[in-house]
Structures are given as C-alpha cells and as structure tokens.
Amino acid sequence: MEKQEILERLNEEQREAVVATEGPVLILAGAGSGKTRALVHRIAYLIDVTGVSPGHILAITFTNKAADEMRSRVDDMIGFGSQEITVSTFHSLCVRILRRNAELLGFTRYFSIYDTDDQLSLMKSILRQKNLDPKMIREKAVLGRISSAKDELVTPEKYKMLNTDYYGKRVGELYEAYQTKLLENNAMDFDDLIAKTVELFEKHPDLLEVYQERFRYMMVDEYQDTNTAQFRLVSLLAEKYRNLCVVGDDDQSIYKFRGANIRNILGFEKVFPDAVVVRLERNYRSTKHILEAANEVIRHNHGRKDKRLWTENAEGAKVKLRRFLNGFEEAGYVCGEISREVRSGKRRYRDYAVLYRTNAQSRLFEEKMLMASLPYRIVGGINFYSRREIKDMLAYLKTIDNARDDLQVMRIINIPKRGIGAATISKVLSYAEAGGISFFEAACSAGEIPGLSASAAKKLTGFTDFIAVLRARAEGRKISELLKDVTTETGYVDELEKEETEEAESRIENINELISKAVQYEEKEPEPTLSGFLEEVALIADIDTVETGDDRVLLMTLHSAKGLEFPSVFMTGMEEGLFPSSMSINAERPEEEIEEERRLCYVGITRAKESLTLTAARERMIRGEVTASPLSRFVREIPRELVDLGEENAVPMSGRVLNLSGRGADAGMRDAILGGARKSPVRTAYQNPYKKAAVPMSSIQKAKPAFEAGDTVRHVKFGEGTVLEIKDGGKDFLVTVDFPGWGVKKMYASFAKLKKI
DNA sequence: TATATAGTGTTTTTT
DNA sequence: ACACTATATA
C-alpha cells in the first residue's frame, strides 16, 4: 500500500503515531480512539513505506483473540507477509522462547505449564512435607506472595533477604522449596514464563542479542497493564534498537492485583526522555452522553494523566438507571429488555453485553436467560479446562509428555480407582525422596520399596506399565487418538457411564469436547506436538474462544470486557460493597483500590456504543445472607442530566457528588438515594415501591407445575416417566421423576419443561 | 481403603 | 450457599 493511501485513512494524531517509526513512542490512547487501527496502520507503514521486513516486527497484545484480530487486519492491508510478523501475548511469546532454550535453565523442552490448580496442589504437598499446618499458613496466601515476588522479579534468595519477619521468612522458605519442586517436576507456572525468560536473557546475552536482532521493531498494546517483569523483558529486547512503541491508557489500568505497574506508563517518558508522545483523545465509539458519563466518573481519580475524550458522534440516549428489589428482579429486567428489543427488530442478541463485577453474579442471569430462552454465552467463570474430568485427562497427557511431572502422576495414579491409597503413595514418596528419584521412577521399581505389600506393589507396577505402554505408543500417534486411548483404556468413561447421572453425562460430553479440541488443533497446526497442544490448552483464555459470528448475548466480568465494544451494554450490580467491592472499601489503602475500581467502571462505560443501562439491586444475597445494598458511588458521580431514571423509578439524584460520610446538608438526599440502608449487613423488610419494574419475568420465575406426584409426564430427552415427588426448592420447584430405562432424575420444573400426559 | 457425614471457611478481578 | 476437609465407620 502506498504511503498516501495509508495516511489518508487516519486522523492527525493517529498519523503522528504511524509515522514515528524510529525510537521510543508512547501512544496515550483513550477508549475507543482507534488505537488498534493506528497500530495496524503503523505495521503496514513499517513494511510498505519504511521497508522493514515483516520478520523484524513484534507486536504484543493482551489476549490471543486480540492477536488474531490484529494479524488478520494487517493481512487485509498488506496482502502477504503478515505470517512473518510475530503477533503474540506475553505468555505465548515467552513459552516459544523458553521451549527452544529450556535446557539452559535446567528444564527440558517438554516442560509443563502449571495453572492455579496445579500451583495449589504443589504448595499443599510442600506444606505436608514440611509438616506445616495449612490452617496457620494458607497456601493461597503464600502463592499470592510468591506470585507478586515473581512479578517484581524477586528471586527466593532476594525474597529471604528482603523479608526477615517471621511470616516473611516462612514464605521465603516455601518459595524456595516451591521453585525446587517446579524444577524437579520440569514445570513452570504462569509467572515463571515471564520471569524465566528474563532470567534466560540476563544469563545469556548472546541469546538476547539474537532476539534483539530479530525483533527490531516492537509494539506493546495495553501497556498500562504490564508488570515489572514484563517491562524488564520489553526493555531488554528493545535495548539495542530502541524501536519500542507502547500503547495504553492509564485510565484503563485494572490489573494491579496481578502486578500491573501503573508507573510503567506514567513514567515511560522518564525512562525514555526522547520518547515521542502521541495522544489519541477523539473517540469514535460512543455517543456523547455515554462518553460524557465516562469522563465525569473518571474525573474523580487523582494521579492520572489529564485528558478528556471528545466525540463527533450523536448525542444519543441518556444513560439508563434502574433499581430493583433484588438480583432476581434485576436479571429479569435485563432479560426482558433484551428480549423485547430483539423481538421488535431493533437489535440482535450479539449486540448486547451484560457486565458484572464478580463471576458469582452470572448465575442469576444464566437462570433467567435459560428460562426466557435467550441465547447467551458466559465468558470466564469456571474454565472448561479446570473441570475435574478435563484436568484428569490432561494429567494423563502431561504424564505421558513430561516424564518428570510427578504432580500429574500423583493426580491420576488412583483415578479411576486402582486400589492405590494414601498409605501406599506415602511409602512410594518417601522411597523416592530417600533415593533422590522421581515419584514415577520409584513407583516403577515398586518391588524394591520396603514395607509395601506384594499386592500394592503389583497395583503400582500395573499403573506404571500402563503409562509406559501409552508413552511408547505416543510416538507417531495422533494426539486425539492417544486421548481416546486414555479415555477408554483407563476405564474412565466406562465408570462415568455406569453412574447414569446427568452430571456424569455432562462430564462425558466434556471429554468428547476435549477430543474434538485435539482434532481441531491437529488440523490447524502444521506440526502438531503433544507439548504444543497442552500449551495451547494452558494459555487459552476464555475470551479467546468466543465465536464472533454467534448471535448470542455475552455475559462477562468487567475485566473480561476490556478491549471489546457493544451497541448496548448493561452494567449490573452497581452497588456499594459489590462495585466498588467491599474488599477495596475496607482495604488498608482504600483510596488507591477504589480508584482502581473506578477505572474498571470507566472501562465498563466505555464499552457501550449506543446504549448504556446501569442496574442495581436494593438487597442482595451474599454468602447466604441478605444484605442491603446502597447505590454505587460511581453511579452518583454521573451528573443528573445525563441520567434517565425511568418513569416509575424516579429516585432523587444529585448533579454533584454527595457528602456521604457525615451528616451535613446531604443527609436527607443521601437517605433518599441509599434507601436508608447504610449499615450492612442489615436485614430489611421492605415494600416494593417500583412495582412496574419488578413485574417482568417474575411470573415465570416460580410457577407451580401443572402436575403432581403420581402423574405421568413427558421429557424431551427421557421420554415418559412417573412423578415421584414435587418439592418447593425455594426459587423453583424440584421435581423427582422415574423414567423407565433412564432411572430416577431430579430436575427443576421451569428448567425441564415437563408435560403432563 | 473407601465412603458417608458433619463441620468449616470462603470469594474480586485473570494470563 | 456452597465447596472442601476432617472424621467416623464399614
């Protein structure tokens, strides 16, 4: 593409960002300011105008999905050569580098990648080994500390030097033991992927230079969410050619809990004084009303780079605010609105996103969507790959692939039941420790382990022989075939089939889905390897698998929504204690944490193109307790004139920020808004002042079934059956039915759509 | 060794 | 409300 052609499609600021090809560049890109567009054009410009070879370009994105999108957009522009560009997430990039050079760090190229579950079991085994009480020392807390240390590139040795208090010392020891175990198991956790790559480069400057030569032009997206380790990695790579272009928005920094260092972006100009700074403040995404609301909310944060987004877009509708009795009503309203608008032909399902602060909130929406038969997709939550049956199958594959991964061996040694219990395992374990060999090796020579009965030894040998057979077969066998072997020859699926419960059935379905994922991987990858498949499985984010073509409502956390946009957005659970979360309100430094929550709110608002609805419940069930929920302060930071309160819901609103803390002049107003429910938790018996908003869906919610015990009913799948019992299960009626040939099933009345015959 | 049961703690957000 | 753990029992 010609220079003119590339530049004429951009605004002045974007153009600046594109032509500054040499040296450090900081692009401060507000939400919806066409930053991806700028980046894509910059890559095209580098290749077609500056003449940079595509192989010398590295672009780092936040998710695999964003990487794919960027690559295909570049592809559309330059036609060919885009395969040579490296577009990748930090984690994928590091794995690729590490696989090639793992031997230099004492690992093999088959190293496993540990997820949070694996980390937890490893730490548990360490605590057991050290005879530490898991009640006194919480493995999760320890892992949190270790993770932060790794984000900051603090090694166990350094950690021990820095932390000399009792707990700190303990954590230091555990950190050290944990790293030793990981190495023994030939495994790395997520944080290691970055930290070990940095270590590799620092120990081997010659290797670093190879990559510096390769990646002469670098771009880092979502720069505000990089942590110290990632910053170090980028700096190392950019040291030689200094062609580093970072793109970010300090107002959208929402991953501090994961080690994101906002100073990386705020201090970029200090580290690179010669940096060209470009500001993209024109928004192409949202209506004036939505953008103004976002501006007003984020204005309440201190310590940010001052900016104010503007747009030439239409004024649009006001931001809708609706309050409800409780979470059920809230979910009912959202589903009702979506359903109504889609039926009227105004929008499609995929135009909507329902956003919430915590994954736990998704359940209510899911239930209502099912009842209303709205097509939806929940992003995140319980990850497919963290389901038990999937983890079991993957543990077999990891055991086959990585001979040193004892953690996986111990997971599956008695799954399905082989009569190998805790007593046997601990004997093998101490034998392994005494001999300085791996658990698996020890199990292989079970006959020599003192104190083991002949029958126990036989069971162990049976297992190790089985693994050996699979391992031998793995060579030259397709991954999907190997996986099928595992599912059948272990008897895992047989065992599930015997259970004959709906749960077991869905587990089998999940296993089959895993097999088809393996098939997909084989089809797409030119050189499929078992390690490669396991790696893809470990690094895939839930958002990466969202089908963009599907016509479904998307449900996700505000965090997952980053980088996305939708014509219509519902921000739900806009309540004090939920959003901002009570964790942030009660933190040691609440100001900081609440500012992070406010940025999250800003991210949410700016996802909306045309329509934004804020919803809140007055009461919410939290851990089984009903809690009164005042309206979120963020809602009150939006000026009154930008808000549409709805006809029935006209609660008093303020155009300014209320004084909420003390009595003062705002006390009356405060009570009106907060519903007089400030102390939480508080049980309130209240009457519904907003009848109208409360009605939709609720009638469907809990209808007494049109049949009773003894009746014959028909089910879509199980056919005819006899109703044994109908029980009031709170939200819904629980029906027990005996289906001849299928067994006795329990199901929710509104869910199962049973018909009386 | 495997299973049923009571008791206990837990929740923010994710690559 | 729910999941996980420790304990008792077969």
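Keep in mind that the model is predicted. There are 25 residues around DNA strand B, and on the DNA side 56% of the atoms within 4 Å of the protein belong to sugar or phosphate.

**Who sits around the DNA**
- Of those 25 residues, the ones that come nearest to DNA strand B are Arg-258, Arg-357, Ala-423, Thr-424 and Met-583.
- Apart from the 56% in sugar or phosphate, the atoms of DNA strand B within 4 Å of the protein belong to bases.

**Polar contacts with DNA strand B**
- For a base, look at His-91: a polar atom of its side chain lies 3.1 Å from a base oxygen.
- For a phosphate, go to Ser-560, where a side-chain N or O atom is 3.3 Å from a phosphate oxygen.
- Arg-258, one of the residues that come nearest, has a side-chain N or O atom 3.5 Å from a sugar or linking oxygen.
- Two elements give two or more residues each to this surface: helix H20 (422–435) and helix H28 (590–605).

**A look at Val-713**
- You'll find Val-713 in strand S18, which covers residues 712–715.
- Is Val-713 buried or exposed? Val-713 counts as buried because its relative accessible area is 0%, and the cut-off for buried is under 20%.
- Val-713 and Ala-442 are 271 residues apart in sequence, and their C-alpha atoms are 57 Å apart in space.

Technical notes. Residues are numbered from 1 along each chain as its sequence is written. Chains are lettered from A and ligands numbered from 1 in the order in which they are written. This is a predicted model: local features need pLDDT of at least 70, side-chain atom pairs count only at pLDDT 80 or more; totals for chains, interfaces and linings use all residues. Side-chain values use heavy atoms; hydrogens and water are left out. A residue is near a molecule or strand if one of its heavy atoms lies within 4 Å of it. A polar contact is a pair of N or O atoms within 3.5 Å; within protein, one must be able to donate a hydrogen and the other to accept it, and residues adjacent in sequence count only if both atoms are side-chain atoms. Helices (H or I, at least four residues) and strands (E, at least two) are DSSP runs, numbered from the N terminus. Buried means under 20% relative accessible area, exposed over 50%, partly exposed in between (1.4 Å probe, protein chains only).
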